[in-house]
Amino acid sequence: MHQGDDTVTDRTLGIAIHGAGWVAHAHAASWLKSAHARIVSVSDVDRARAQRFAAEFRLDCDVRDDYRQVLDDSQVDVVDITSPSPFHAAQGIAAARAGKHLLVEKPIALTMDENRALRDAVAETQVKSVAGFVLRWNPAVETIKSLVGSGAIGQLVYAEVDYWHRMRPTHHAWQLHSRKQTGGSAMLLVGCHAIDTLRWLTGDEVVEVTAVANNERGLFEYPAIVVAVLRFRSGIIGKTSVLLDCEVPYQFNMDLAGTEGTIRDNRLWSKRLLPGQTGWTTIPTILPDSGDVTHHPFDGEINHFVDCILQDRESHCNMADAFRSHEICLAIDRSLAEGGRAVTLPLGERS
Ligand SMILES: NC(=O)c1ccc[n+]([C@@H]2O[C@H](COP(=O)([O-])OP(=O)(O)OC[C@H]3O[C@@H](n4cnc5c(N)ncnc54)[C@H](O)[C@@H]3O)[C@@H](O)[C@H]2O)c1
């Protein structure tokens with residue numbers, strides 16, 4: 001690393017995108033805006049897809065179907081893992097062992113064993129990492145984080161984040177996402193965004209979860225309607241729900257209640273900041289109200305990651321942190337598997 005080097009900001013990082021699909025398109029658009037990054041490799045098990053991807057973005061880069069070649073390429077500083085979820089952990093571990101920094105799309109792992117192994121590989125190799133919890137850079141989420149941090153609603157007593165998104169067999173990745181082995185579960189597939197946002201906004205850790213679910217229509221191999229009650233270390237109580245099999249436009253509800261006020265998405269009620277308030281104050285901002293990857297703030301996530309690498313500092317969204325969000329998702333799945341029993345965290349060594 002170029003720690004303490006004045007020329008550090010002039011450095012250009014070589015980026016390898018691995019998995020040339022839907023989300024990779026949005027990542028590429030953001031990498032191309034960075035003054036400190038150059039896409040030097042695009043790879044996919046389907047070489048023709050990688051080729052089309054490179055042509056679409058007019059990239060002057062290597063095109064591959066062999067991941068080993070990506071890892072052996074000395075031009076590559078960062079591997080951006082946008083392949084399907086079951087490959088994330090193993091590909092992330094291999095990238096870390098090859099000395100590459102890594103951006104890993106969510107879910108970073110589908111089991112606790114994978115989750116631990118990826119976290120440990122990154123810790124051992126000391127490469128920089130960021131998980132695909134892109135909503136941390138959404139303007140409404142940033143606004144809520146700032147309000148909570150400034151004490152606008154006092155001490156938190158309740159926190160709730162939900163992910164509601166109708167998903168149907170017309171979805172481009174339906175075969176992967178709807179199956180247990182490749183999609184994991186509703187929590188791992190998309191609920192992880194809600195859980196990560198709960199941790200990020202409260203600054204607290206979940207110590208117990210209790211979950212119920214149903215899968216009335218059986219469209220998914222796993223329960224597609226999940227609700228979990230959460231207990232946080234500080235005493236905050238919370239709730240998350242994931243609705244995949246329902247009729248609703250994309251909703252990412254964020255509610256936080258405290259001793260001095262309440263926030264509901266972009267609406268603020270604050271006795272401390274606005275004592276004369278007679279109704280909710282609405283803050284103009286960009287809500288996380290679309291499942292389309294072109295709406296997701298990948299520019300912010302990627303600029304943050306580039307800064308972390310160039311300035312040799314850890315990301316708040318690194319693998320060690322993402323490990324915890326995934327652990328909660330897996331604890332909720334365990335609660336479901338055990339008939340709604342309360343599951344305490346951290347999970348034991350055996351998952
Ligand atoms: N952060 C977010 O909000 C967000 C949004 C969308 C998708 N994602 C995640 O990104 C991942 C990819 O989703 P997508 O919708 O882009 O899928 P996709 O099917 O559009 O793209 C996946 C690509 O990976 C390729 N691939 C398959 N097996 C591979 C392997 N073993 N190694 C390398 N490449 C392989 C496929 O050929 C395809 O081109 C998923 O894990 C998904 O959860 C995250």
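This note goes through a predicted model, from the overall fold down to single residues.

1. **Overall fold.** The protein has 11 helices and 15 strands. Its radius of gyration is 20 Å, close to the 20 Å from the globule rule for 351 residues, so the protein is as compact as a globular protein of that length. The C-alpha trace spans about 55 × 50 × 40 Å along its principal axes.

2. **Burial and contacts.** Of the 351 residues, 56% count as buried. Take the contacts between residues at least 6 apart in sequence: 70% of them join residues at least 24 apart.

3. **Arg64.** This residue sits in strand 3, residues 62-64. Is Arg64 buried or exposed? Arg64 has a relative accessible area of 10%, and the cut-off for buried is under 20%, so Arg64 is buried.

4. Helix 5 covers residues 112-125. Its 14 residues should span 20 Å at 1.5 Å a residue, and the end C-alpha atoms are 20 Å apart, which agrees. The buried residues are Met112, Asn115, Arg116, Leu118, Ala121 and Val122. An α-helix has 3.6 residues a turn, so residues three or four places apart point the same way. What do the buried residues of helix 5 pack against? They pack against helix 4 (88-97), strand 5 (101-104), strand 6 (129-131) and helix 11 (319-337).

5. **After helix 5.** Gln126 comes just after the helix, in the loop between helix 5 and strand 6. Its phi is near 60°, a positive value in a residue other than glycine. Gln126 is exposed, with a relative accessible area of 63%.

6. **Arg58.** Here too phi is positive, about 50°, although Arg58 is not a glycine. Arg58 lies in the loop between helix 2 (47-56) and strand 3. Its relative accessibility is 78%, so Arg58 counts as exposed.

7. **Cis peptide bonds.** Which residues does a cis bond with omega of about -15° join? That bond joins Lys106 and Pro107, and Pro107 lies in the loop between strand 5 and helix 5. A cis bond also joins Leu345 and Pro346, with omega about 0°. Pro346 is in the segment after strand 15 (343-344).

How values were computed. Residues are numbered from 1 along each chain as its sequence is written. This is a predicted model: local features need pLDDT of at least 70, side-chain atom pairs count only at pLDDT 80 or more; totals for chains, interfaces and linings use all residues. Side-chain values use heavy atoms; hydrogens and water are left out. Helices (H or I, at least four residues) and strands (E, at least two) are DSSP runs, numbered from the N terminus. The radius of gyration is taken over C-alpha atoms; the globule rule is 2.2 Å times the number of residues to the power 0.38. Buried means under 20% relative accessible area, exposed over 50%, partly exposed in between (1.4 Å probe, protein chains only). Contact means heavy atoms within 4.5 Å. The expected span of a helix is 1.5 Å times one less than its number of residues.
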